[in-house]
Amino acid sequence: MSKYLLNKFLYTVDRAPELVERYREDPAGTVDWWEREMANTVLNCHAAEKSTWLAFSEEERRALREHDHVTLFGMGAHPFLTLTLFIAMFERDHGPLQYQRAYARAMDHIHLPYPDIAT
């Protein structure tokens with residue numbers, strides 16, 4: 001499991017409106033494409049710079065494919081990254097602040113100490 005890779009996915013998808021829409025409409029296809037094409041690129045660097053070893057675990061893939069922000073948080077994904085991305089994807093389907101409140105309610109059972117979100 002790689003908190004770095006989870007956070008990199010959330011960060012890069014959130015910064016590209018076309019990827020936000022792609023992830024909203026086809027989460028499994030987007031996760032598969034991103035892992036194959038983007039996971040091993042060096043963040044904010046020349047496209048030719050690549051590594052070869054980064055991959056999601058099956059649990060990470062499942063949580064990303066299911067938009068499961070609670071499980072992602074439990075794995076160490078930064079809550080600001082999931083919240084901003086998921087607001088971009090789902091706030092339009094709810095009234096003012098309804099999505100944010102539902103997001104918080106879904107994580108209400110989590111108590112201190114919170115999972116480590118350091119990467």
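These entries record what I looked up about salt bridges in this structure.

Entry 1. I noted at the outset that the model is predicted.

Entry 2. I then looked up accessibility for both partners. Glutamate 21 has a relative accessibility of 32% and counts as partly exposed; arginine 92, at 44%, also counts as partly exposed.

Entry 3. I turned to arginine 36, which forms a salt bridge with glutamate 37. The closest N and O atoms of this pair are 3.7 Å apart, which is within the 4 Å cut-off for a salt bridge. Arginine 36 has a relative accessible area of 56% and is exposed, whereas glutamate 37, at 37% relative accessibility, counts as partly exposed. I checked these two classes against the limit for exposed residues, which is over 50%.

Entry 4. I looked up arginine 62 and found a salt bridge with glutamate 66, where the closest N and O atoms are 2.5 Å apart. The relative accessible area of arginine 62 is 30%, and I recorded this residue as partly exposed.

Entry 5. Finally, I asked which residues are linked in a network of salt bridges. I found Arg24, Glu25 and Asp93 linked in this way.

Conventions
Residues are numbered from 1 along each chain as its sequence is written. This is a predicted model: local features need pLDDT of at least 70, side-chain atom pairs count only at pLDDT 80 or more; totals for chains, interfaces and linings use all residues. Side-chain values use heavy atoms; hydrogens and water are left out. Buried means under 20% relative accessible area, exposed over 50%, partly exposed in between (1.4 Å probe, protein chains only). A salt bridge is a side-chain nitrogen of Lys or Arg within 4 Å of a carboxyl oxygen of Asp or Glu.
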